[in-house]
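Biologist: I'd like to learn how to read helix packing and a ligand shell. Can we go through it step by step?

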Amino acid sequence: MIGLTTPSTGSGVVIAGGGQAGFQVAASLRQSGYAGPVTIISKEARLPYQRPPLSKTYIKTDATFDSLLLKAESFFDKNAIGFRAGEWVEAIDREARKVQLAGGGHLAYDHLVLATGAANRVLPIEGKDLAGVHQLRTAEDAEELRAGLAGARRIVIAGGGFIGLEVAAALRSLEKDVTVIEAAERLMGRTVSREVSAFFLDEHRRMGTDIRLGTALGAIVGDVDGNGRARAVRLSDGSELPADLVLIAAGVLPNDQLAAEAGLAADNGILVNSHMTTADPRIFAIGDCAAFHSPFAERIVRLESVQNAVDQAKLVARKIIAGDEAADTIEPYRAVPWFWSDQGPFKLQIVGLTAGADHVEIASLGEAGKLVAYCFKGDRLIGIETVNRPGEHMLGRRILAEDLAVARTEAARDGFDLRAHVAALQARG
Ligand SMILES: Cc1cc2nc3c(=O)[nH]c(=O)nc-3n(C[C@H](O)[C@H](O)[C@H](O)COP(=O)(O)OP(=O)(O)OC[C@H]3O[C@@H](n4cnc5c(N)ncnc54)[C@H](O)[C@@H]3O)c2cc1C
């Protein structure tokens, strides 16, 4: 620990959830010299790790779990961060400021951070519990999937969102027969523009994935000899598709029940203000489990990204360190949202929340496999989606952070160069 600034008395900070957000609060508190007790309660019995590689490299290589770790075990000892693995917060006693642990006992807090993440949506369909049916949220899920792939050739993935498509591309590189079924009429419909959906539809088909849009998963069919293994999926049109392995990637639901049971408002996420604070000033919620008003979307959103988890965690650490008196000096949360998704050779990067766009200008830049999509709502640029164009993505982050103007007419111009445009804006001051 370096530069401790507060006395090591009191109950300190208790963090429910040892994922990306929970880990970051603890690390940022210590980096900023917080000296009170910091304890992470982690339902998963593993040190905090990165989830993004799970759907990309981890399932197709023999990478070890250690390669995913955010920090080695020694970091927690060195920084006096308590880590209770395989334990979870079962209830919150707000009056007494303590949490009840599932394994028995209580832990008092001065501040409680809810970083409970999200859980995969379970489809209420026949056959969902058969052997050979997988989901993907945790390292354990990924390891089970990796093991299941060894004897599987025909893979069906239900869900054409980021995770379903990342896995599809990874499994095509292993030469598996892959089918993606998607109930909506386009891929990644909640998160990208129609133009980018169409680009990825073509590219996944080119990679050899069979993509069926407008097709829902009706049921998973077991082996005729009744050994409890999946052998096929039944689609919404009644047809059957043989499958040795099925991955259900149908989105997630926030883990907000704990907060709701403690009387805190939750509606598709724990509701927090622009300082990630719930109605109880001692309790914060951050990351995948938190719902907040985004100035970029101009509505309440819940974001599922590493950037969001990390930036919200840093804000909460600053707020705790500032203390009650100075808490108002902390800037509200208005970090520019950005995301990425690696699908085979394509790096999709999104800055801003582009789902609300009503007009998109595409610049293909004359190179196959690359594009920049400028997404407008009315005349306002609300985000930029890029494929294999990291330079424009980084400029997009700056444009949104500094609220720099890009007019629709400019973006539509042949040969429009974002870098030159930003330089010209700067020169004009
Ligand atoms: C396969 C996969 C690929 C992804 N790829 C990308 C990507 O490419 N780019 C990107 O930006 N994002 C990606 N994400 C999303 C990103 O990983 C999440 O947004 C991020 O992990 C959110 O962090 P979090 O701490 O809020 O939640 P989590 O990481 O889910 O951590 C929450 C933890 O809290 C635990 N918990 C729940 N309830 C309790 C309780 N009551 N007590 C104690 N512990 C509890 C959970 O078990 C979990 O371990 C991906 C996610 C997955 C699953």
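This is a predicted model: local features need pLDDT of at least 70, side-chain atom pairs count only at pLDDT 80 or more; totals for chains, interfaces and linings use all residues.

Biologist: At what angle do helix α8 and helix α10 pack?

Modeller: Helix α8 (residues 390-401) and helix α10 (residues 418-428) pack at about 30°, their axes 10 Å apart. So α8 and α10 run roughly parallel to each other. Their crossing is left-handed. On the α8 side, G391, E392, L395, R398 and I399 make the contact, while α10 brings L418, R419 and V422. By type, that contact has 4 nonpolar, 1 polar and 3 charged residues.

Biologist: Now α4 and α5: which residues meet there?

Modeller: From α4 you have L165, A168, A169 and R172, and they meet F200, H204 and M207 of α5. The residues of this contact split into 5 nonpolar, 1 polar and 1 charged. As for geometry, α4 (residues 162-172) and α5 (residues 194-207) pack at about 25°, with axes 10 Å apart. That is why α4 and α5 count as roughly parallel, and the crossing is left-handed.

Biologist: And the ligand: which of the 37 residues around it come nearest?

Modeller: Those are G17, G19, A21, G117 and G287. Elements giving two or more residues to the shell are α1 (20-31), β2 (38-42), α7 (306-326) and β22 (338-343).

Biologist: How do the shell residues divide by type?

Modeller: Into 17 nonpolar, 14 polar and 6 charged. Domain 1 (13-119 + 253-329) and domain 2 (122-250) each supply at least three residues to the shell.

Terms used: Residues are numbered from 1 along each chain as its sequence is written. Axes are lines fitted to C-alpha atoms, for helices over the stretch in contact, and angles run from 0 to 180 degrees between N-to-C directions. Helices (H or I, at least four residues) and strands (E, at least two) are DSSP runs, numbered from the N terminus. Angles under 35 degrees count as roughly parallel, over 145 as roughly antiparallel, 65 to 115 as roughly perpendicular and the rest as oblique. A crossing is left-handed if the near helix is turned anticlockwise from the far one by less than a right angle, and right-handed if clockwise. Two residues are in contact if their C-beta atoms, placed from the backbone, lie within 7 Å. Ala, Val, Leu, Ile, Met, Phe, Trp, Tyr, Cys and Pro count as nonpolar, Asp, Glu, Lys and Arg as charged, and the others, Gly among them, as polar. A residue is near a molecule or strand if its C-beta atom, placed from the backbone, lies within 6 Å of it. Domain bounds come from an automatic or database domain assignment.
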